[in-house]
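Me: I have a model open and would like to learn how to read its features. Could you walk me through it?

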Amino acid sequence: AHWSGSALALCLERGVGVAFLGRGGEPAGQLWPQRRRRLPLAETLDALAAGGEGWSEAYANWLRRERLQVLRHWQQQRREAGSPVPADEWQRAMQSWVYRAEVAAVLPALLHGMAAALVAARLGEYGLEGHYWCVAGEPVELAEDLTRLLWARMNLCAGPLAAAIDQPREAATLFEHWAGAQAGVLHAHLASLGAHARRERGL
């Protein structure tokens, strides 16, 4: 699509974030509007990033727990489908996903980009930034980390659908079908982060 500068400016003025995808559908970046609405989580994360000693380590611990939750959902889905995850496969998934944040991609890259766009939109609604710098200079890549959580869940739980998707239109249709559930999952991740952040601040 060809976008004019005026169209992009209008999106930002209306509080609409814009996500750019590369030629392969992978996320290339976002434009973030000036925030007019800031929920309490945004204020809490700003305060922690600005003065919370050890916040980046606490965030990393939270992120590992969220990756484990993604894996448990996959385990439950497999069990309900009558194909429980064997112990050795579970251990391999634990090592690769929970501890190294690596997941095998079986879905087209376009869906990764669409997940990134969904994350950008939801962060805009919360008044959150996609990237924070902590007091000691450590980065917290919130948008990237949330996108990776959604992307892993989608790939782990795609099942036989993965082999049936080879066209962009099919991928987009599938994501539209998934979007409501993924938005709910994203909300749960952010609610969990909010509770974790409040504990860090002693609230």
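Reply: Happy to! Start with helix 6, which is mostly covered, with 13 of its 16 residues buried. Buried means under 20% relative accessible area, exposed over 50%, and partly exposed in between (1.4 Å probe, protein chains only). This is a predicted model, where local features need pLDDT of at least 70 and side-chain atom pairs count only at pLDDT 80 or more, while totals for chains, interfaces and linings use all residues. Residues are numbered from 1 along each chain as its sequence is written, and side-chain values use heavy atoms, leaving out hydrogens and water.

Me: How many helices and strands are there in the protein?

Reply: Helices (H or I, at least four residues) and strands (E, at least two) are DSSP runs, numbered from the N terminus. Here there are eight helices and four strands, in the order α-β-β-α-α-α-α-β-β-α-α-α.

Me: Is R198 buried or partly exposed?

Reply: R198 sits in helix 8 and is partly exposed, because its relative accessible area is 41%.
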